[in-house]
Amino acid sequence: MAIIEPEFMALTEDLDVAAFWEEDARCQDFTRAKPRCALAFSPDDHWIFEFMAVPSTLRYYHDKPYRDALHHEVNVITQQYVGRAFFDEDTWEHQPKRIENLFDCDFTYREGSTPWLTPATDDLTTFARILDRAEALDGAELERWALPEPFLAEWDQRAAAGKPLPHLGTGSRGPATIMTSVLSPETVFYWIYDHPDLMRRFRDLLAEKMVALNTLLRAFSGNTRPGWWITDDNSALFNRPLYHEYCAPVLQRVMDAMAPLTGAPDDPIPYQHSDSAMGHLLDMQYGLGIRAVNYGPTVDAGLIREKMPAAMIFGQMPPLLLRNGSAVAIRGRVISDFQKAGATGGLTIATAGSLAAGTGVGRMRWLMKCVHHETRY
């Protein structure tokens with residue numbers, strides 16, 4: 001049932017996956033003093049559905065034993081062919097609240113798709129009331145809201161069983177995507193121009209509550225390690241002036257609180273992922289202190305290196321090229337990205353975005369082989 005491309009399996013008969021990852025562990029630092037570039041894969045729920053021809057996405061999200069068993073089945077396959085297991089086999093049933101939920105934005109589940117955050121409203125008066133409620137929620141009330149009883153019960157059960165517990169408050173979606181989830185993208189930009197005071201209030205309240213919520217989550221989970229990751233696919237919807245006014249201030253406030261930079265060698269490395277064409281925003285992101293990036297496939301590796309000289313680039317293999325392209329084309333892209341961005345030692349070969357649904361383990365093995373032979377120092 002899994003996708004195992006025979007032509008790519010034939011090309012990689014001599015690949016020693018255990019030796020590949022043993023060497024990869026010595027290739028993680030931003031330096032040329034290592035054997036080659038590192039490699040990273042990022043399969044997710046979209047990928048697993050097509051890889052295993054999952055008959056029901058709703059069951060996957062709502063049935064923990066089924067989900068865990070499916071993860072185990074996939075891990076056995078990827079461990080055999082790629083040398084890595086990617087999925088948690090003891091998933092959580094409950095989660096803390098998300099920042100989007102504070103603004104009445106909740107997930108919609110539909111058969112055949114992944115969960116989708118549904119906009120809260122397109123009515124001005126209703127949204128103003130939503131902001132009023134979010135602003136008023138603070139302190140003990142915020143804690144009760146953020147940590148629902150079913151989640152607390154599951155946390156206590158896992159703690160009593162001696163299971164590992166996650167560090168919370170480590171990152172979230174970025175402001176562009178949060179705003180365009182709480183409100184539809186069209187509404188966001190209409191209101192930015194027609195009702196700027198309301199949208200500036202949303203911006204400032206979003207920054208304040210992101211810090212408050214994640215500070216709370218860190219304290220609850222005993223997380224004392226600074227750092228912050230950002231997933232912000234909708235960044236490309238904002239031009240430079242609008243990103244500077246509405247997104248950068250949120251990121252700056254959150255990173256100042258969650259990932260303060262002191263200039264010390266062990267400073268946290270803020271990370272940004274975005275599938276989108278956000279090449280026009282690279283210098284602003286660099287100015288915010290972001291030093292590890294995974295951008296969309298239209299953002300050229302050479303441009304990233306030019307605009308972000310000290311950033312570790314996770315990319316820039318187009319996901320659809322890895323899924324659909326010829327072996328020659330895939331190899332050529334690895335060589336090209338290495339020539340453009342690998343000279344400093346700050347490139348980790350990865351897909352520019354998540355691993356595309358429909359990509360099989362044969363093609364993953366071919367990417368491993370290309371990295372092994374074509375990115376050596």
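Just after helix 8, Gly162 takes a positive phi of about 75 degrees. This is a predicted model, where local features need pLDDT of at least 70 and side-chain atom pairs count only at pLDDT 80 or more, while totals for chains, interfaces and linings use all residues. Residues are numbered from 1 along each chain as its sequence is written, and side-chain values use heavy atoms, leaving out hydrogens and water.

Helix 8 itself covers residues 149-160, and its 12 residues reach 16 Å from first C-alpha to last, close to the 16 Å expected at 1.5 Å a residue (1.5 Å times one less than the number of residues). Helices here are DSSP runs (H or I, at least four residues), numbered from the N terminus.

So which residues of helix 8 are buried, and which are exposed? Buried means under 20% relative accessible area and exposed over 50%, with a 1.4 Å probe and protein chains only.

| State in helix 8 | Residues |
|---|---|
| Buried | Phe151, Glu154, Trp155, Arg158 |
| Exposed | Glu149, Asp156, Gln157, Ala160 |

Helix 5 (64-81) and helix 11 (196-221) are among what covers the buried residues.

Over in helix 10 (residues 185-194) you'll find Thr187. Thr187 counts as buried because its relative accessibility is 10%. Its C-alpha is 9.9 Å from that of Leu124, 63 residues away along the chain.

Technical notes. Helix = DSSP H or I, 4+ residues; strand = E, 2+ residues; numbered from the N terminus. Contact = heavy atoms within 4.5 Å.
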